[in-house]
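Subject: Structure handover

Hello,

Here is the structure we talked about. Please open it and keep it beside this note; what was found follows below.

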Amino acid sequence: MKNRGKFIVFEGTDGSGKSTQMKMLASYLNERGARCYLTHEPTDSPVGSLLRSCLTGRIDADEHTIAALFAADRLDHIHNPVNGILKKLNEGVNVLCDRYYLSSFAYNGGFVPLEWVIELNRPAREALKPDLTVFLYLDAEDSMERVMGRGETERYETVERQKKIRKNYLDLIARFPEENVATVVSEADKRDTQEKIRKAVNGLFGWRE
């Protein structure tokens, strides 16, 4: 579809600045006349709300259940007829998403069989791949320092788990070269990080810097 929007995903360990950088990019795109819709996973749907309760520990659930819930939430996120990603893209809107299936591979795939998680997400990968994935690279210790600064931790937020998750991301990026991933170091200065992201996005849109 000629006028279809671009699908840009932000990935990274906790505290890597995904949400902040995504909002900064949206402002940049809007300034250039590219309409944007910002979204995230877990979503705000009933399944997404259940997932958040699992991640914060309010509901006790094992890793298999959490991985399956993420896959279900993602499919609704893609196909929802009201505000689904495909609907927005087909309307010519650029969709920016905080986390997508690489998160499931890196997080859930570190605690249950990775191949099972990949298969679980095969319908999502077949339905919609990102045009660009921005992976924000950050050391595990820095991740946890930023996370602790917000005063609340979730299921995967320990230094040991963040180290494992970051390694998983790097292994996955190498394993799936067909995924268009731009690895960007998450700098202390948010503007420096954003500048690098914009360079990758300019290439996606065919814009001159």
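**What was found**

Arg-161 counts as partly exposed because its relative accessibility is 27% (buried is under 20% relative accessible area, exposed over 50%, partly exposed in between, with a 1.4 Å probe and protein chains only). Arg-161 lies in helix H9 (helices, H or I, are DSSP runs of at least four residues and strands, E, of at least two, numbered from the N terminus). Arg-161 and Tyr-107 are 54 residues apart in sequence, yet their C-alpha atoms are 8.7 Å apart in space.

Some ground rules. This is a predicted model: local features need pLDDT of at least 70, side-chain atom pairs count only at pLDDT 80 or more, and totals for chains, interfaces and linings use all residues. Residues are numbered from 1 along each chain as its sequence is written, and side-chain values use heavy atoms, with hydrogens and water left out.

**Cores**

The largest nonpolar core has 24 residues (a nonpolar core is a set of buried Ala, Val, Leu, Ile, Met, Phe, Trp, Tyr and Cys residues joined through side-chain atoms within 4.5 Å). Phe-7, Tyr-100, Phe-105, Leu-128 and Tyr-169 have the most contacts inside it. Elements giving two or more residues to this core include strand E1 (7-12), helix H6 (114-120) and helix H9 (159-175). H5 gives the most, with five residues. A second, separate core of 16 residues includes Phe-10, Val-134, Leu-136 and Val-184.

**Helix pairs**

The axes of helix H2 (residues 46-55) and helix H3 (residues 63-79) come within 9 Å and cross at roughly 150 degrees (axes are lines fitted to C-alpha atoms, for helices over the stretch in contact; angles run from 0 to 180 degrees between N-to-C directions). H2 and H3 are therefore roughly antiparallel (under 35 degrees is roughly parallel, over 145 roughly antiparallel, 65 to 115 roughly perpendicular, the rest oblique). Their contact is made by Val-47, Gly-48, Leu-50, Leu-51, Cys-54 and Leu-55 of H2 and Ile-66, Leu-69, Phe-70 and Asp-73 of H3 (contact means heavy atoms within 4.5 Å).

The axes of helix H1 (residues 18-31) and helix H10 (residues 190-205) come within 10 Å and cross at roughly 55 degrees. H1 and H10 are therefore oblique to each other.

Best wishes
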